[in-house]
Amino acid sequence: LGQARISSLYMRTYWHYGVCAAIAIGGMVGSLYLLTVSTHPLLVFMDALVFAFFSTQIGMIGHDLSHGAVFASPRVNRFCASLAWSLFGGLSEHYWFKKHNQHHRHPNHLGHDPDVELPFIFTDEHRTTQAPFLPYQHIFFWLSLAFVYPWNIAYSFRHYLEERSIQVLAEVALVAIHFIVLFSIVFLSLPVLNALLFLTTTF
């Protein structure tokens, strides 16, 4: 611990997060711009992978912000986390914060850790009947990643229906802006089938 402090490992690296955020946001904006340049299905598919990659990087930054690891001020961390999760990701930071804290309190504990509550496999009501799946959970984890984003969107909107606060209302506005801008650019720039290809790939 002392050596870690001497090595400055606990110092906040604002430049690192600043550069990463700039690259990720630039990548997302550039990806959306490319939709206006070409409508070829292969290029649209590859562009969707680029968009998904950079939006995931924003999610990683949002993760660190929600953990309070970027700024010294908790308020600034949560504010910027809301921008990362809701404006750039279309998800509820408020819901994710509660869920992720529960995950850290009970990591990999069935019935208590929401991150292992995979539908039809690891949910509490299936943990007895689906026990044979448990030795292969590392495989199902990677397969389930394709459904993480739409699943979290659904839970975010359910959270908005259950919670009433200024923060939640602000998040709803940011999420609305995210999807209005995204859908407008995609559907105005591409034929319908190509637009659905892009959105399906990124989701």
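These are my notebook entries on a predicted model of one protein chain.

**Ground rules.** I number residues from 1 along each chain as its sequence is written, and I use heavy atoms for side-chain values, with hydrogens and water left out. Since the model is predicted, local features need pLDDT of at least 70 and side-chain atom pairs count only at pLDDT 80 or more, while totals for chains, interfaces and linings use all residues.

**Entry 1: the fold.** I looked up the secondary structure. The protein chain has 9 helices and 0 strands. I take helices (H or I, at least four residues) and strands (E, at least two) as DSSP runs, numbered from the N terminus. The order from the N terminus is α-α-α-α-α-α-α-α-α.

Next I looked up burial. Of the 203 residues in the protein chain, 33% are buried. Buried means under 20% relative accessible area, exposed over 50%, and partly exposed in between (1.4 Å probe, protein chains only).

Then I looked up contacts, meaning heavy atoms within 4.5 Å. Among those between residues at least 6 apart in sequence, 59% join residues at least 24 apart.

**Entry 2: the second largest pocket.** I looked up its volume and found about 220 Å³. On a 1 Å grid over the protein atoms alone, a pocket is an open set of points with protein on both sides within 12 Å along at least five of seven lines, whereas a cavity is a set where a 1.4 Å probe fits but cannot get out; lining residues have an atom within 4 Å of a point. Grid points are joined across faces, edges and corners, and the volume is the space filled by probe spheres set on the points.

The second largest pocket is lined by 14 residues, and Tyr-17, Ala-21, Ile-61, Leu-65 and Cys-80 are the closest to its centre. Helices H2 (14–34), H3 (41–66) and H4 (74–87) each give two or more residues to this lining. H2 gives the largest share, 5 residues. By type, the lining has 13 nonpolar residues, 1 polar and no charged. Here Ala, Val, Leu, Ile, Met, Phe, Trp, Tyr, Cys and Pro count as nonpolar, Asp, Glu, Lys and Arg as charged, and the others, Gly among them, as polar.

**Entry 3: Tyr-17.** Tyr-17 sits in H2. Is Tyr-17 buried or exposed? Tyr-17 is buried, at 15% relative accessible area. Beyond four places in sequence, Tyr-17 contacts Ile-61, Asp-64, Ala-69 and Val-70. Its side chain makes a polar contact of 2.6 Å with that of Asp-64. A polar contact is a pair of N or O atoms within 3.5 Å; within protein, one must be able to donate a hydrogen and the other to accept it, and residues adjacent in sequence count only if both atoms are side-chain atoms. Tyr-17 and Asp-64 are 47 residues apart in sequence, yet 9.5 Å apart from C-alpha to C-alpha.

**Entry 4: H4.** I checked the length of H4. Its 14 residues should span 20 Å at 1.5 Å a residue, and the end C-alpha atoms are 19 Å apart, which agrees. The expected span is 1.5 Å times one less than the number of residues. Buried residues in H4 include Ala-81, Ala-84 and Trp-85.

**Entry 5: His-94.** His-94 lies in H5 (residues 93–105). At 15% relative accessibility, His-94 is buried. Leaving out residues up to four places away, its contacts include Arg-78, His-159 and Glu-163.

Entry 6: Phe-187 belongs to H8 (residues 166–189). Phe-187 is partly exposed, at 37% relative accessible area. Outside four places in sequence, Phe-187 touches Ala-195, Leu-196 and Leu-199.

Thr-202 is in H9 (residues 192–202). Thr-202 is buried, at 12% relative accessible area. Its side chain reaches the backbone oxygen of Leu-199 at 3.0 Å.
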